[in-house]
Amino acid sequence: MKIEQHPRMRDIDVGDEVYSYQYNLFARVEEVFPAAVCVKVGKLSLQRHLDLLIDPQLWRADDIENLSVCRYCGSRHELHVEYGTGIPFRVCSQCLSTPPRRRMPPVS
Ligand SMILES: [Zn+2]
């Protein structure tokens with residue numbers, strides 16, 4: 001069986017910070033698979049006493065956003081944090097000066 005790599009997985013490395021739209025959680029990538037990442041999520045448990053459990057989970061590529069690369073071009077150089085969305089997306093200097101969707105013709 002041939003496993004196709006999800007396009008989003010090309011830019012993801014172990015140690016990258018990812019955000020899950022499904023769980024509204026942030027986590028660090030432990031392992032990379034063709035269409036998913038393995039992350040470890042800290043969870044508070046109150047079963048007998050308060051405990052912090054480390055829960056390994058698989059997050060599908062469709063549900064995550066890699067916060068360690070530029071969200072527009074995937075670059076890892078000169079990254080800035082983009083505020084205003086509640087999610088700390090990163091944007092590189094080049095995309096910051098010319099946002100792809102907001103590029104306007106010069107005003108004369
Ligand atoms: Zn960029």
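**Strand pairing and the core**

Modeller: Strand S1 (residues 17-20) and S2 run antiparallel and are joined by four bridges, where strands are DSSP runs of E with at least two residues, helices are runs of H or I with at least four, both numbered from the N terminus, and two strands pair if DSSP finds at least two bridges between them. This is a predicted model, in which local features need pLDDT of at least 70 and side-chain atom pairs count only at pLDDT 80 or more, while totals for chains, interfaces and linings use all residues. Residues are numbered from 1 along each chain as its sequence is written.

Within that pairing, Ser20 stands opposite Leu25 in S2, and in the hairpin of S1 and S2, with four residues between the strands, Asn24 has a positive phi near 55°. S1 also pairs with strand S5 (residues 64-66), again antiparallel, over three bridges, and there Tyr19 stands opposite Glu65.

The largest nonpolar core has nine residues, among them Val18, Val29, Val37 and Ile64; such a core is a set of buried Ala, Val, Leu, Ile, Met, Phe, Trp, Tyr and Cys residues joined through C-beta atoms within 7 Å, and buried means that 20 or more other C-beta atoms, placed from the backbone, lie within 10 Å of a residue's own. Strands S2 (25-32) and S3 (36-45) are the elements that give two or more residues to this core. A second, separate core of five residues includes Val69, Cys70, Val91 and Cys95.

Technical notes
A residue is buried if 20 or more other C-beta atoms lie within 10 Å of its own, exposed if 12 or fewer, and partly exposed in between; C-beta atoms are placed from the backbone.
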